[in-house]
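The following briefing is intended for reading alongside the sequence and the model. Please keep both in view.

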Amino acid sequence: MALRYSKCGLPAMTVEVKGLGVKCSECKREEAVVELRYARKKLCPKCFTDFFVRRVKRTVEKYRMFGPKDRVAVALSGGKDSVALLDALKRAFPEQDIVAFYIDLGIHHYSSHLREKVKALTDRLGVPLHIYDLKEREGYVIDDFLTTKFRSKMCSVCGIVKRAVFTQMAKEVGATVMATGHNLDDTVGTMLSAFFAGDFESISRLKPVLKPLIPGQPKKVKPLFNTPEMEDLYYVVINDLPVQECHCPHSFGASVSRYKRMLDQMEQDNPNVKFQLLSVFLKRLVPMYEKVKELEEERTEVFLEVKPCRVCGLPTSSPDGICSRCRRVAMLKERGGQRIEITADEVRDMLAGGKRVVLIDVRSPSAYAKEHIPGAINVPKDEFEVNQSRTIRKLRRKYGKGTTFVTYCYAGRESYPVAVALRRAGLRGYSLLGGIEEWKEKGGEVERVPEGVTVPE
Ligand code: SF4
Ligand code: ZN
């Protein structure tokens, strides 16, 4: 069993689940395919699926995440965690009223791909899918924030928007519980990084159940908070579930958090380390912090006041009564979004008008050598991916900040994340719509390798 999978921040990979050459520790009949070192088990596909679903069921029941009367909304992103969550919840609670939510964030070359995946999954499971199209409903898309001061913190803005929209959707469809796919590695990794920053408030928000801040809001639950990340992936592969196969352009060149890497290293020596840390944080640190906070509030008589946002009505504790999402959207509307893609005609007009334009061919050196747009330089996409800040620094130093950079590839998909990365770094980056293929179709010139000269691959 194999699956092509792409996780934001990691190169695309093929995940393979194959026989371990030993019998399953549960059924003792089938060949085991997954080893769970912390549980000292080697399981076959069926027993692994049962084990996974049982843990989800137990977690929901133990933490009283929802009851038979609740309408549970599962926030789907199309990634392995939320996909595994929806499938496992359907198996564990076949009678439960479950609906799925998807937000089309309008991220170019990404959101529509995920939309297809979540549609395929919910059709297969027979779960009603509610789609919130950001552009249709609110008139902007996540990519628009690239032209604001939030351009270097796109994931943070995206997270704020997603949280607000999911809460809004829950209200619209009467969902009383909102389930998200946060896994063990995410939870402990974030806990550790917040711990080093002394941010105990963030740690306390990582609890598996968060009660509504104001009446009428859904309860937020994380049924996978004690499920290791790799197991979500195995579950998706084993059960052949539709899942994301490409990256979000905003995560291009990002790396996995150093805390998660640190935890993976520690796990080599101690397979239980992530569970142990989770337990220390949730059973010791969070209750202690909450007690101290309560005493502090009583002593100073300063209570965190949560009230509805003056614009959207969702809960906020900000002093001006406007929530983080509405504040960011207001700024965006003031500035107006700007397109990151540019047509061949527009590029030609810019060049003819004497604008300082640098064309960057992000394909391989051999593709560039065979044929490229006259005057274009070659900086392969890999260079941006592996050493993004150094590559961009070099461009900035050589061509200056006022230059317009137009990236291109064959068809416009590969060059888009590079243009996004240039924007994030504060440069005027565009991606050529339709790539060199459309450039040629529109009558654009190209420089070709002379007849008889061979280009090494
Ligand atoms: Fe995920 Fe960041 Fe892309 Fe939003 S912008 S979808 S948080 S990678
Ligand atoms: Zn608001």
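By class, the shell around ligand 1 comprises five nonpolar, two polar and one charged residues (Ala, Val, Leu, Ile, Met, Phe, Trp, Tyr, Cys and Pro count as nonpolar, Asp, Glu, Lys and Arg as charged, and the others, Gly among them, as polar). This is a predicted model, in which local features need pLDDT of at least 70 and side-chain atom pairs count only at pLDDT 80 or more, while totals for chains, interfaces and linings use all residues. Residues are numbered from 1 along each chain as its sequence is written, chains are lettered from A and ligands numbered from 1 in the order in which they are written, and side-chain values use heavy atoms, with hydrogens and water left out.

**Ligand 1**
- Of the eight residues around ligand 1, those that come nearest are Cys155, Cys158, Lys162, Cys248 and His250 (a residue is near if one of its heavy atoms lies within 4 Å).

- Ideal angles for four tetrahedral donors are 109.5 degrees.
- Cys309 counts as buried because its relative accessibility is 5%, whereas Cys312 is partly exposed at 26% (buried means under 20% relative accessible area, exposed over 50%, partly exposed in between, with a 1.4 Å probe and protein chains only).

**Overall fold**
- The chain contains 17 helices and 19 strands (DSSP runs numbered from the N terminus: helices are H or I of at least four residues, strands E of at least two).
- Of the 457 residues of the chain, 51% count as buried.
- The C-alpha trace spans about 70 × 60 × 40 Å along its principal axes.

**Helix α16**
- Helix α16 (residues 415-424) is largely enclosed by the rest of the structure, because 10 of its 10 residues are buried.
- The buried residues of α16 include Tyr416, Val418, Leu422 and Arg424.
- Packing partners of these buried residues include α5 (154-173), α15 (388-399) and β18 (428-432).
- Just after α16, Gly426 has a positive phi of about 90°.

Notes
Contact means heavy atoms within 4.5 Å.
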